[in-house]
Each structure stands twice: as structure tokens, then as C-alpha cells.
Amino acid sequence: MGTLSIINARVVTMNARAHNGNTAAQIGARHGAAMSDLGVIENGHVCMRDGVITSVAPGQPASLVGEVIDAGGRVCMPALIDCHTHLCFAGNRWSEWEQLRAGESYESILAAGGGIMSTVRATKQATVTALAQELGDRLRALANLGVGSVEVKSGYGLDWQSEMKMLNAIGEAAKNSPQLVVATCLGGHAIPADNTAWPEQFAAHVADLARQFPGVAVDAFCERSALSVQQCREIFAQAKKFNVTRRLHTDQFNSMGGVAMAIECGATTVDHLEAADENSITALAQSKTIAVLLPCSVYALGGAYARGRSMIDQGAAVAVASNANPGSAPTIDMRFAMHLAVRHCGLSTNEALTAATWNAACALGIETKVGSLQVGKRADAIVLEERDERALTHGFAGPPPRHVVLAGKLMSYRH
Ligand SMILES: [Zn+2]
């Protein structure tokens with residue numbers, strides 16, 4: 001694979017102890033005030049060999065062999081991590097977009113078989129190969145925007161065969177992707193009208209998931225229009241029994257007790273939280289469960305943003321993700337999610353950077369591999385056009401980073 005060095009960079013390591021010369025791997029999400037420490041090396045370098053980081057330090061490397069990128073003082077930081085996407089799907093929702101713009105309500109579109117159910121129908125009909133191909137194209141687009149690790153959920157199958165088909169397609173696309181791809185089984189996404197017993201059936205399939213797809217997390221949507229707290233609890237009980245990681249979409253529109261249940265069941269993340277009440281935020285801040293903010297869907301749908309500021313002030317660990325999906329978040333741009341997290345959820349730039357790198361890695365359980373620039377980790381880094389990282393959350397709808405390096409390989413190069 002060869003050797004690549006990025007020199008003369010403002011290195012944002014995301015390793016909070018880097019400035020003390022301590023490069024020991026840190027474990028666990030950063031909570032509260034710890035989210036602000038970026039471990040910046042003012043003028044430093046990052047060297048990589050065979051896809052792995054070999055040096056992160058101030059000044060010039062001891063020797064320069066192979067490819068060299070002179071950053072000229074620009075920011076070099078870990079590649080972004082998108083810890084919540086629905087990028088495996090078939091079909092599109094463009095007609096629905098026009099219907100919505102013409103004044104039709106989402107509820108009436110849903111009642112007529114549109115919305116998420118139109119994506120479920122198209123995805124059920126698609127082959128593994130077609131799904132993997134489409135997903136592969138989307139992953140490449142994310143890579144160009146500087147996203148090095150991506151979580152991809154199933155959840156448009158809503159029967160066991162179709163959910164497995166989606167997980168197989170995600171696995172297939174992952175093999176050909178330059179990124180680290182993490183699959184999640186979102187079997188509890190919705191309840192199909194023709195099978196209201198699906199949530200209980202899915203709970204019974206968690207044992208199959210653990211056996212056939214080791215390491216894949218379960219996810220469900222706890223909401224009035226989706227699964228009840230009790231149905232999600234049942235899925236989580238099975239997951240706990242088979243040592244499967246738990247994640248939950250909850251408090252997007254209604255606060256029904258999903259956060260408390262998820263914490264009680266040892267969930268790794270709770271995602272959305274726009275409607276989370278004060279008690280839920282306090283409970284979250286006192287727990288190890290990571291709050292994943294998804295502001296792109298609030299931008300698309302309207303409504304109140306999640307109260308990220310209050311969460312962090314109370315000591316919670318917060319991550320930010322794109323929630324990329326064909327309906328409520330038709331974007332693949334993590335930088336836009338970070339911009340919205342700062343603009344509308346009250347995060348500082350430093351906190352948004354932690355939320356989109358280190359804490360996002362923790363949400364996926366991959367923080368020993370990615371999420372910071374540290375010796376021994378996967379060589380995933382981006383070089384921004386700017387010499388100050390605040391530009392990353394200030395700007396939106398801008399050009400991709402100047403350079404993207406994934407697993408030690410330069411993906412793009414602009415002058
Ligand atoms: Zn989602």
C-alpha cells in the first residue's frame with residue numbers, strides 16, 4: 001500500500017492527551033466538558049504506512065519517504081464518522097417531495113401507501129446485488145466528503161428474509177468499500193399493516209441475528225406511529241440475552257419513556273431526542289448511553305431541534321450523524337449535520353468535532369480503530385481547505401475537503 005505523510009499541518013488529533021505526549025488508546029465516549037478537548041498539535045505531521053498511522057507528532061517526520069502532502073498549515077483531522085444512516089434502500093421519494101411541497105400532509109401520503117412503506121416495497125423487490133451496488137455508489141460519495149466510517153441500517157425489509165437480504169447487501173457493499181462499514185439490524189423500524197405481530201417476531205429472530213450476523217447491533221423506532229416502549233423492551237431483552245448491542249430511535253416526535261427504557265436495558269445509543277423531556281436528558285447525562293443527534297431530518301421536516309447544549313451541560317456524551325435516508329434526511333453530508341448541530345442544537349465547534357469523530361466511533365464500538373489520529377489506528381484522515389477547524393461547522397453546502405485519505409490511500413487530490 002505504501003507510505004504517505006501529511007506535513008506542515010495543524011493536526012487536530014481528537015486524542016485529548018496528545019499535547020501531553022501521551023498516545024495511549026483511550027476508551028469510552030467523552031462526556032460533557034471533555035467533548036471540547038481536541039488535542040491539537042499546532043504544527044505537526046501524520047505518517048502512514050500500509051493503511052496504518054505510524055507517527056503523529058509536532059514538527060517534521062524523521063524521514064520522508066513515499067507520497068508527501070504539504071498541508072501548508074491547513075487542518076488535518078480524523079476522517080468523519082457517520083454513526084447513523086439508512087443508506088441501503090431501493091427506489092426514491094421524489095414524487096412524495098413534490099406532493100409535500102404542493103401541500104399534502106405526510107400522514108395522508110403515508111395512509112395512501114407512501115412514505116417509508118414505499119421504500120419498504122421497493123427494497124423488498126430489489127436483489128442483494130442491486131441493493132449492494134446502489135449502496136456502494138452512495139458510500140463512495142460519502143468517502144469523497146471525508147467520511148471514513150459509516151453505519152448502515154437495515155429496516156426497510158420488515159420481515160426476516162428481507163432484513164437478512166439487506167444485511168447481506170450491506171456486507172457485500174462493505175467488502176468493496178474503502179470505508180469501515182458497520183451494519184445495524186433495524187428490524188424494529190415500523191409495523192407493517194399486513195403483519196402487526198412483526199415486532200414480536202423480530203424479537204424472536206434476535207437469536208438468529210446473533211448467530212448469523214455476529215457483531216451486528218439491533219435497533220428499533222420507539223414512537224406512537226411505530227413500536228411501543230414494551231415492544232422495544234422485548235427486542236432489547238432478547239438482544240441482552242444474546243449479547244447484541246442495543247440502539248434506539250426514540251423521542252423524535254413524542255417522549256414516551258423510550259430513553260429511560262433504553263438506559264435501563266444498557267443501550268449503547270439513543271438517537272433523535274428532539275422531543276426528549278428534562279427527566280430524559282438528566283437520566284441520559286447520568287448514564288453511559290450516547291445521545292446521537294440527527295438534525296438533518298429536523299431541517300427537512302421542520303420542528304424543534306434536539307437540545308444538545310443542555311445534554312452536554314448536564315454531562316452527556318453526544319454524537320452527531322446524518323440520518324441519511326431517502327425520505328426525511330435526503331443528504332449524505334456529515335458536515336451539514338455538524339453545521340446544524342452548532343447552529344440549532346447549541347454545540348460548539350469543538351463539541352461537534354468530537355461528536356462526529358471520537359464519540360461517533362464510540363457509538364459504533366470502533367474507537368480502538370478510528371475516531372482519532374493515533375499511532376496504530378486505521379489511516380483515515382482529511383485535510384481541510386482551511387487553516388482553522390471552525391470553518392468545518394461554519395460553512396455549509398461547500399466543496400469537499402481538500403484531501404481525503406482512507407486506509408492510507410489518497411482518495412482525492414485538489415490543488
Ligand atoms: Zn434513523
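This is a predicted model: local features need pLDDT of at least 70, side-chain atom pairs count only at pLDDT 80 or more; totals for chains, interfaces and linings use all residues.

The domain assignment gives residues 3-79 together with 371-413 to domain 1, and residues 81-363 to domain 2.

Where the two domains meet, 30 residues of domain 1 and 34 residues of domain 2 take part in the contact. On the side of domain 1 that touches domain 2, the elements giving two or more residues are α15 (390-394), β15 (403-406) and β16 (409-413). Sorted by class, this side of domain 1 has 16 nonpolar, 8 polar and 6 charged residues.

## The largest nonpolar core

The largest nonpolar core has 135 residues, and those with the most contacts inside it are Val-46, Ala-291 and Ala-341. Helix α12, which covers residues 334-344, gives the most to this core, with 7 residues, while the core draws at least three residues from each of domain 1 and domain 2.

Leaving aside residues up to four places away in sequence, Ala-341 touches Leu-293, Pro-295, Gly-308, Val-320, Leu-347, Ala-352 and Ala-355.

## A pair of helices

Helix α6 (residues 198-212) packs with helix α7 (residues 229-241) at an angle of about 10°, their axes being 8 Å apart. Because this angle is under 35 degrees, α6 is roughly parallel to α7.

In their contact, residues of α6 including Phe-202, Ala-203 and Val-206 meet residues of α7, among them Glu-234, Ile-235 and Gln-238. By class, this contact has 7 nonpolar, 2 polar and 2 charged residues.

Terms used:
Residues are numbered from 1 along each chain as its sequence is written. A nonpolar core is a set of buried Ala, Val, Leu, Ile, Met, Phe, Trp, Tyr and Cys residues joined through C-beta atoms within 7 Å. A residue is buried if 20 or more other C-beta atoms lie within 10 Å of its own, exposed if 12 or fewer, and partly exposed in between; C-beta atoms are placed from the backbone. Helices (H or I, at least four residues) and strands (E, at least two) are DSSP runs, numbered from the N terminus. Domain bounds come from an automatic or database domain assignment. Two residues are in contact if their C-beta atoms, placed from the backbone, lie within 7 Å. Ala, Val, Leu, Ile, Met, Phe, Trp, Tyr, Cys and Pro count as nonpolar, Asp, Glu, Lys and Arg as charged, and the others, Gly among them, as polar. Axes are lines fitted to C-alpha atoms, for helices over the stretch in contact, and angles run from 0 to 180 degrees between N-to-C directions. Angles under 35 degrees count as roughly parallel, over 145 as roughly antiparallel, 65 to 115 as roughly perpendicular and the rest as oblique.
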